[in-house]
Amino acid sequence: MNRYMNQVALVGLDDFGQSLLWNLTRNCFSVSCYDLDKNYYAELKKEGFSCFDSVDSLLNNLFGQKIVFVTGKWCDKLSLLVSRLIEKLPSESIIIDCTNSYFKECVIKQKRASAKKIAYLDASIIGTLDDVTWAFSIMVGGNPLDAGYFRDIISPLLVQDGYLYTGSIGSAHYSKMVHDGIQNSQIQSIIEGVKMFDSSFYCFNKKKIIDFFNKSSMISGKTLNYISSTFSDQAIDELKREKKEFNNLSELDLNTLSSFISTSVSQNTSTPTITASSYSTINLKSKKSSDVDRLLFNLLIDKFKEVED
């Protein structure tokens, strides 16, 4: 048994990474931090966290079995960083890939790690974080023995019944890709429905109608709850008057949506609804979309970020 299993490294300090950092700390884990962007360090150091300037110094701070969480938006720099971790880590180490990488990328990295007898797991957070403890639900793919060992380590971080083993390496990222496609199609459906009310010659109270849908029909659920709590005619009118700029779309990561489309095509799987909504979301980044579309989309993305980051 690893005497130091409550000591971990966290690579990646974006919003999700920092939520994971606080969750780990609240559950008595000692966390050593690293990010390619050192701008995160100042505030975290004020909170007493240990932030390291190099991968070598990060890993040297870990004793016993080395357990490394990796988070962040997948890019060439992050891919190279994960390759460096595989190169630097000793055998019997564990890498937990919580990035938004393409599921096939996990397969490639796992093969390299396996050659060094390093366990490589792909993991994806699903659903909401608890408001008080930041507990979450997680899907994990990879070697079942490694995944079971990892489950025992992180069990204090999870909500009740918040762990699912999805299968071989890459399966958790694949499942997350499908989840995000479904979630996005729900968002797009609501946006299009609201547009129909907005363009009608009737003077609808759209919030009341959405609330009624949410109480009385099969389409009730969290997505409608989110838009009900943020959507108002006043917000739409203000937008039309002031032509505000929205920043969330420029920050929105579209990797999983693009991955869904390419995977659907490569597998010759018919997914017209999710593929069309994913394509529509990608188009929202352009200036072609109306201000109303962009406002509604941002309101929903804001709500989902509040609970999933």
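## The sheet

Strand E2 (residues 30-34) runs parallel to E3, and two bridges join the pair. In this predicted model, Ser32 has Ser50 of E3 as its bridge partner. Both strands belong to an open sheet of eight strands. The strand order is E3-E2-E1-E4-E5-E6-E7-E8, and the pairing is mixed. Strand E3 (50-51) and strand E8 (158-167) are the edge strands, each pairing on one side only.

## Helices on the sheet

Helix H4 (residues 76-88) packs on the sheet. The strands that H4 touches are strand E1 (7-11), E2, strand E4 (67-70), strand E5 (94-97) and strand E6 (119-126). The direction of H4 makes about 175° with that of E4.

Helix H6 (residues 144-154) lies across E4, E5, E6, strand E7 (136-141) and E8. H6 runs at about 170° to E8.

## H4 against H5

H4 also packs with helix H5 (residues 103-115): their axes are 10 Å apart, at an angle of about 20°. Angles under 35 degrees count as roughly parallel, so H4 is roughly parallel to H5. The crossing of these two helices, H4 and H5, is right-handed.

On the H4 side, the contact is made by Ser79, Val82, Ser83 and Ile86. H5 contributes Glu105, Lys109, Arg112 and Ala113. By class, the contact of H4 with H5 holds three nonpolar, two polar and three charged residues.

## H7 against H8

Helix H7 (residues 171-199) and helix H8 (residues 206-216) have axes that come within 11 Å and cross at roughly 140°. H7 and H8 are therefore oblique to each other. Their crossing, that of H7 and H8, is right-handed.

Val194, Phe197 and Asp198 of H7 meet Lys206, Ile209, Ile210 and Phe213 of H8 in this contact. What classes do the residues of the contact of H7 with H8 divide into? Five are nonpolar, two are charged and none is polar.

## Confidence

The average pLDDT of the chain is 81, and 77% of the residues score at least 70.

Over residues 242-251, pLDDT stays under 50. For this stretch, residues 242-251, the model has 20 contacts beyond four places in sequence. Where pLDDT is low, predicted coordinates should not be read in detail.

Terms used:
Residues are numbered from 1 along each chain as its sequence is written. This is a predicted model: local features need pLDDT of at least 70, side-chain atom pairs count only at pLDDT 80 or more; totals for chains, interfaces and linings use all residues. Side-chain values use heavy atoms; hydrogens and water are left out. Two strands pair if DSSP finds at least two bridges between them. Helices (H or I, at least four residues) and strands (E, at least two) are DSSP runs, numbered from the N terminus. Contact means heavy atoms within 4.5 Å. Axes are lines fitted to C-alpha atoms, for helices over the stretch in contact, and angles run from 0 to 180 degrees between N-to-C directions. Angles under 35 degrees count as roughly parallel, over 145 as roughly antiparallel, 65 to 115 as roughly perpendicular and the rest as oblique. A crossing is left-handed if the near helix is turned anticlockwise from the far one by less than a right angle, and right-handed if clockwise. Ala, Val, Leu, Ile, Met, Phe, Trp, Tyr, Cys and Pro count as nonpolar, Asp, Glu, Lys and Arg as charged, and the others, Gly among them, as polar. pLDDT is the predictor's confidence in each residue, from 0 to 100.
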